[in-house]
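I opened this entry to record what I looked up, feature by feature. The structure comes first.

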Amino acid sequence: MLLGTHNSGTFAPLVWWQKPFGFILNPLSKCQNKNIAEQLMCDVRVFNFQITKYKNDWYFSHGLCIYDYTISSALQTLLTYEIPVYIQIYLDKNFFLGQDKEAFKI
């Protein structure tokens with residue numbers, strides 16, 4: 001059995017325009033208080049990435065929140081440790097509606 005985290009990227013701060021609403025949004029959406037490297041050091045081996053496209057990149061998201069941390073940053077962090085992990089990637093339905101699904105495949 002492997003240890004995993006739900007919405008692994010929600011440790012990050014909200015994107016700039018959501019920060020004023022953080023006192024309302026974070027209690028409902030923030031699932032983690034440790035960054036990816038800290039989760040890895042706590043023996044987490046399964047990471048749940050819920051993402052949305054924002055500013056031409058893939059960012060972590062959950063519910064109405066977009067977190068100021070990209071998937072590419074998370075993957076780079078995981079690659080530096082050279083430890084086998086499993087990653088579940090979910091497209092956030094709240095933000096992904098109407099977006100280019102072909103861009104996600106790339």
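My notes follow, from the whole chain down to single residues.

**Ground rules.** I worked on a predicted model, where local features need pLDDT of at least 70, side-chain atom pairs count only at pLDDT 80 or more, and totals for chains, interfaces and linings use all residues. Residues are numbered from 1 along each chain as its sequence is written, and side-chain values use heavy atoms, with hydrogens and water left out.

**Whole chain.** I took the elements before anything else. The protein chain has 5 helices and 5 strands. Helices (H or I, at least four residues) and strands (E, at least two) are DSSP runs, numbered from the N terminus. Their order from the N terminus is β-α-α-β-β-β-α-β-α-α.

Next I looked up burial. Of the 106 residues in the protein chain, 42% are buried. Buried means under 20% relative accessible area, exposed over 50%, and partly exposed in between (1.4 Å probe, protein chains only). The protein chain exposes about 6,600 Å², and carbon and sulfur atoms supply 60% of that area. Accessible areas come from the Shrake-Rupley method with a 1.4 Å probe; for residues, only the protein chains shown count as cover.

Then contacts (heavy atoms within 4.5 Å). Among those in the protein chain with a separation of 6 or more, 68% join residues 24 or more positions apart.

**Core.** Which residues touch the most other members of the largest nonpolar core? I found Ile36, Phe47, Phe49, Phe60 and Tyr69, out of 18 residues. At least two residues of this core come from each of α2 (36-41), β2 (44-54), β3, β4 and α3 (71-81). β2 gives the largest share, 4 residues. A nonpolar core is a set of buried Ala, Val, Leu, Ile, Met, Phe, Trp, Tyr and Cys residues joined through side-chain atoms within 4.5 Å. As background, nonpolar side chains in soluble globular proteins tend to be buried together.

I followed phenylalanine 47 further. Leaving aside neighbours within four places in sequence, phenylalanine 47 is in contact with Thr5, Ser8, Ile36, Gln39, Leu40, Leu78, Val85, Tyr86, Ile87 and Gln88.

**Helix α1.** I checked which side faces inward. Gly22, Leu25 and Ser29 are the buried residues I noted in α1. Seen down the axis of α1, its buried residues fall within an arc of 80°, so they line one face of the helix. The arc is that of the directions from the helix axis to the C-beta atoms. Their cover includes β3 (57-62) and β4 (65-70). Turned away from the buried side of α1 is a face with exposed Phe23, Pro27 and Leu28.

Phenylalanine 23 sits in α1 (residues 22-29) and is exposed at a relative accessible area of 65%. With Ile24 and Leu28, Phe23 makes a nonpolar surface patch of about 380 Å². Patches are made of residues with over 30% relative accessible area and no salt bridge: like charges are joined within 9 Å, nonpolar side chains (Val, Leu, Ile, Met, Phe, Trp, Tyr) within 5 Å.

Phenylalanine 21 lies in the loop between β1 (3-5) and α1 and is partly exposed at 45% relative accessibility.

**Helix α3.** I repeated the check here. Ile71, Ala74, Thr77 and Leu78 are the buried residues of α3. They cover an arc of only 125° around the axis, which puts them on the same side of α3. They pack against α2, β2, β3, β4 and β5. The face of α3 turned away from its buried side carries exposed Leu79 and Thr80.

**Salt bridge.** How many salt bridges are there? I count 1, by the rule of a side-chain nitrogen of Lys or Arg within 4 Å of a carboxyl oxygen of Asp or Glu. Aspartate 43 pairs with arginine 45, the closest N and O atoms being 3.7 Å apart. Arginine 45 is buried, at 18% relative accessibility.

**Positive phi.** I noted two non-glycine cases. Asparagine 56 has a phi of about 60°, lies in the loop between β2 and β3, and is exposed at 73%. Glutamate 82 is in the loop between α3 and β5 (86-91) and is exposed, with a relative accessible area of 73%.
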